Amino acid sequence: MRRTTLTLLTASLLAATAACSSTTTTGSSTAPASTAAAQATGAASTAAPGTAAQAADASAVLAKLTAAVKTVKAGVQVTADNDPNHLLGRPGQYTSKVTFSDSRIKAADIEGEKEDSVNRGGAIEVFASEADAKARSEYIQGIVKGMPALMEYDYVRGPVVVRVSKLLTPDQAKALQAAV
């Protein structure tokens, strides 16, 4: 775990250094910052066998979920370039993320939703530590607590947060939780 944390910290520092040293053109940073962020994300995937980061890649968790729950299909693989939250690879934030859809949700209920919307089924976010995952879940629940339109089910399992659409029933959501 310490090696994984050190690897992530080093990768994050490299990303921050690249972002600070990159030149800007018309207000946007050049490729080195994006490349460093991608390398920071990849660092978690190349951790020593048996570590939480190696075992907890969002795509691997999704593969288990789709095998166990036949109504779940892969959605969008989140990258540094398409992350709507701009959190991928940032300190204390997710190291990988993927969304999924669930065919039990009626098409009419998600009409107009973006392809990466949790309302379509959910999302899997993987963090460097369980503490970071819990902090993310608590943050989301703090926001949605007073806003029923944004409500969702959130499940934390080790360094993984599984976010599930409120459009699924509690029993359907619990089946997703059990499958992870």
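User: How do you know where valine 61 is found, and what makes it buried or exposed?
Analyst: In this predicted model, valine 61 is found in helix 4. Its relative accessible area is 9%. Buried means under 20%, so valine 61 counts as buried.

User: What does valine 61 touch, not counting residues up to four places away in sequence?
Analyst: Valine 61 touches Ile124, Val160 and Val180. Contact means heavy atoms within 4.5 Å. As for valine 98, it is 37 residues apart from valine 61 in sequence, with the C-alpha atoms 9.3 Å apart in space.

User: Which residues have the most contacts inside the largest nonpolar core, and what makes it a nonpolar core?
Analyst: The largest nonpolar core has 20 residues, and those with the most contacts inside it are Leu62, Leu65, Val72, Phe100, Ile124, Val164 and Leu176. The term requires buried residues of the nonpolar kinds, joined through side-chain atoms within 4.5 Å. Two or more residues each come from helix 4 (58-68), strand 4, strand 5, strand 7 and helix 6. Helix 4 gives the most, with 4 residues. A second, separate core has 6 residues, including Leu87, Leu88, Ala133 and Val161.

User: Which strands stand at the edges of the sheet, and why are they called edges?
Analyst: The open sheet has 5 strands in the order 3-4-5-7-6, with antiparallel pairing. Strand 3 (72-78) and strand 6 (152-157) each have a single partner strand, so one side of each is left without a neighbour in the sheet. On average, neighbouring strands are turned by 20° against each other, direction ignored.

User: How do you know that strand 3 pairs with strand 4?
Analyst: Strand 3 is joined to strand 4 (residues 96-102) by 5 bridges. Pairing needs at least two bridges, so these strands count as paired, and they run antiparallel. At the level of residues, valine 78 stands opposite lysine 97 in strand 4.

User: How many bridges join strand 6 to strand 7, and what lies between these strands?
Analyst: There are 6 bridges between strand 6 and strand 7, which run antiparallel. The two strands form a hairpin with 2 residues between them. In the turn, glycine 158 has a positive phi of about 65°. Tyrosine 153 stands opposite valine 164 in strand 7.

User: Which helices lie across or pack on the sheet strands?
Analyst: Helix 5 (residues 130-144) lies across strand 5 (121-126), strand 6 and strand 7 (160-165), running at about 165° to strand 6. Helix 6 (residues 170-179) packs on the sheet and touches strand 3, strand 4, strand 6 and strand 7. The direction of helix 6 makes about 20° with that of strand 6.

User: Why is the aromatic pair of tyrosine 94 and phenylalanine 127 called edge-to-face?
Analyst: The structure holds 2 aromatic pairs. In this one the ring centres are 6.1 Å apart and the planes stand at 80°. Tyrosine 94 lies in the loop between strand 3 and strand 4, and phenylalanine 127 in the loop between strand 5 and helix 5, so the pair ties together parts 33 residues apart in sequence. Tyrosine 94 and phenylalanine 127 are buried.

User: What makes the pair of tyrosine 153 and tyrosine 155 stacked?
Analyst: Their ring planes are at 10°, and their centres are 6.5 Å apart. Planes under 30 degrees apart count as stacked, so the pair is stacked. Tyrosine 155 has a relative accessible area of 14%, under the 20% limit, so tyrosine 155 is buried.

User: What sets histidine 86 apart, and is it buried or exposed?
Analyst: Histidine 86 has a positive phi of about 55° although it is not a glycine. Most residues other than glycine have a negative phi. Histidine 86 is found in the loop between strand 3 and strand 4. Its relative accessibility is 53%; exposed means over 50%, so histidine 86 counts as exposed.

Definitions and conventions:
Residues are numbered from 1 along each chain as its sequence is written. This is a predicted model: local features need pLDDT of at least 70, side-chain atom pairs count only at pLDDT 80 or more; totals for chains, interfaces and linings use all residues. Side-chain values use heavy atoms; hydrogens and water are left out. Axes are lines fitted to C-alpha atoms, for helices over the stretch in contact, and angles run from 0 to 180 degrees between N-to-C directions. Rings of Phe, Tyr and Trp (its six-membered ring) pair if their centres lie within 6.5 Å; planes under 30 degrees apart count as stacked, over 60 as edge-to-face and the rest as tilted. Buried means under 20% relative accessible area, exposed over 50%, partly exposed in between (1.4 Å probe, protein chains only).
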